[in-house]
Amino acid sequence: LPELRPWLSRAAPGVGGSGSHKEGSAAEKARRGRCSPRVWLVLGSLVLVFLTSLFFSVSLRSGVGFNYLEPPGWEVSRRVKLVPSYAGSHKQNPRDSQQQKTCACSRCVGDPGVSDWFDENYDPDISPVWTRDNIELPSDVYYWWVMLQPQFKPHSIQQVLLRLFQVIPGRSPYGSWDPGRCLRCAVVGNSGNLRGAGYGATIDGHNYIMRINLAPTVGYEEDAGSQTTHHFMYPESAKNLAANVSFVLVPFKTLDLVWITSALSTGQIRFTYAPVKQFLRVDKDKVQIFNPAFFKYIHDHWTRHHGRYPSTGMLVLFFALHVCDEVNVFGFGADGRGNWHHYWEQNRYAGEFRKTGVHDADFEAQIIQRLAEAGKITVYPGK
Ligand SMILES: *[C@@H]1O[C@H](CO)[C@@H](O)[C@H](O)[C@H]1NC(C)=O
């Protein structure tokens, strides 16, 4: 309102300045007539700006999402597509359905009929890896994904991916269920509860060993193991990997795809929102890109819009649940004293991120507990 004063007070000196009262009031009326549309315009703009910012802050922070961008009936069509794949197999083989196993382990992640909650939400057909076959994102996924880290200069995803797939294979290395296979996976989180738990040898005994971000093993072999087959990282957290390790990039923006292409070839990108490695020493043939559609599937079906997006721990856990037959979980959650920190850190109180509200740690802990109760994962609690 103080800014509006000059507008209003400009009319006032006109009253005193003119000789006749009649003339003055007429001029005043005329000026008011000219002024008020401008004032309304300014007020209207302010209200519009306010409402727009309110809308964006609500839809971005609370994870409500851009529901209006989704075609009507999206929820329904997903469900209809999901149910027949189970109902169908039961109908075709009513007697075999109990014995029919999807793998050769004692318990298989893919076996239906163990948990209704799991079967209703689990979509065995969605690919965790972004490949040549699923370059094009569904529009609801696209809008959700580009709003995670909005950029001033969006790139054409299709062009960027096609360039990336000239450097990396762009194919999924994972097969479908095989009753003769038992693929055992260790998902290793970075929690301080690994410290002194002595799980090293157990972790190293798995077919796939998946780690996240920094996750050092040298010096922590006794507790965290020494082997790694999959390492999940962001551009801002990326490090060089041994030649026999798959780098799984978790992209949050198109620039991340431009960066990985650059870091494996010409090295022209050195900065995203933070400095990034100009060149990355990893085996190009083993680089995989986390599928944004899979990212949103976890947000919709599993973390159910608690937090703005799922934590990396959740992303890796569900990645494992879609490529492995048996999933064992290490280094998740707080330590025995309720502290959140990394196993390589001395500071037990370093886990303040838990209170930021980007991820919902409590809800994610409930999902892990439920998966364990359903027999889909085994959690090694640590110390
Ligand atoms: C990966 O290579 C390292 C040597 O660079 C070796 O010690 C390790 O056993 C290999 N891991 C696997 C899973 O083959």
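**Reading cavities and helix packing**

Student: Which residues line the second largest cavity?

Tutor: The lining consists of V129, W130, T131, F165, I168, G170, R171, V287, Q288 and I289. Keep in mind as we go that this is a predicted model.

Student: How many nonpolar, polar and charged residues are in that lining?

Tutor: Sort the lining residues by class, with Gly counted as polar. Here that gives six nonpolar, three polar and one charged. The space inside the second largest cavity is about 30 Å³, and the count of cavities of 30 Å³ or more comes to two.

Student: Now to helices. What is the angle between α6 and α9, and how far apart are their axes?

Tutor: Begin with the angle between the axes: under 35 degrees, a pair counts as roughly parallel. Helix α6 (residues 157-164) packs against helix α9 (residues 254-263) at about 20°, and their axes are 9 Å apart. Because of that angle, α6 is roughly parallel to α9.

Student: Which residues make this contact, and is the crossing left-handed or right-handed?

Tutor: On α6 the contact is made by I157, V160, L161, R163 and L164, and on α9 by T254, L257, V258, I260 and T261. Sorted by class, the contact has seven nonpolar, two polar and one charged residues. As for handedness, α6 passes α9 in a left-handed crossing.

Student: At what angle do α10 and α11 cross?

Tutor: Angles from 65 to 115 degrees count as roughly perpendicular. Helix α10 (residues 292-302) and helix α11 (residues 312-323) cross at roughly 100°, with axes that come within 10 Å. That angle is why α10 is described as roughly perpendicular to α11. From α10, the contact draws on F294, F295, Y297, I298 and W302, and from α11 on M314, L315, F318, F319 and H322. By class, these are nine nonpolar, one polar and no charged residues.

Student: Let me try one more pair. Where along α5 and α10 do the two helices meet, and at what angle do they cross?

Tutor: Helix α5 (residues 139-146) crosses α10 at roughly 85°, and the axes come within 9 Å. The two are therefore roughly perpendicular to each other. D140, V141, W144 and W145 of α5 meet P292, A293, F295, K296 and H299 of α10. This contact divides into six nonpolar, one polar and two charged residues.

How values were computed. Residues numbered from 1 in each chain as written. Predicted model: local features only at pLDDT ≥ 70, side-chain atom pairs only at ≥ 80, totals over all residues. Heavy atoms only, no water. Axes fitted to C-alpha atoms, helices over the stretch in contact; angles between N-to-C directions. Helix = DSSP H or I, 4+ residues; strand = E, 2+ residues; numbered from the N terminus. Parallel < 35°, antiparallel > 145°, perpendicular 65-115°, else oblique. Left-handed = near helix turned anticlockwise from the far one by under 90°. Contact = heavy atoms within 4.5 Å. 1 Å grid on protein atoms, 1.4 Å probe; cavity = no way out; pocket = protein on both sides within 12 Å on 5 of 7 lines; lining within 4 Å. Points joined across faces, edges and corners; volume = space filled by probe spheres on them.
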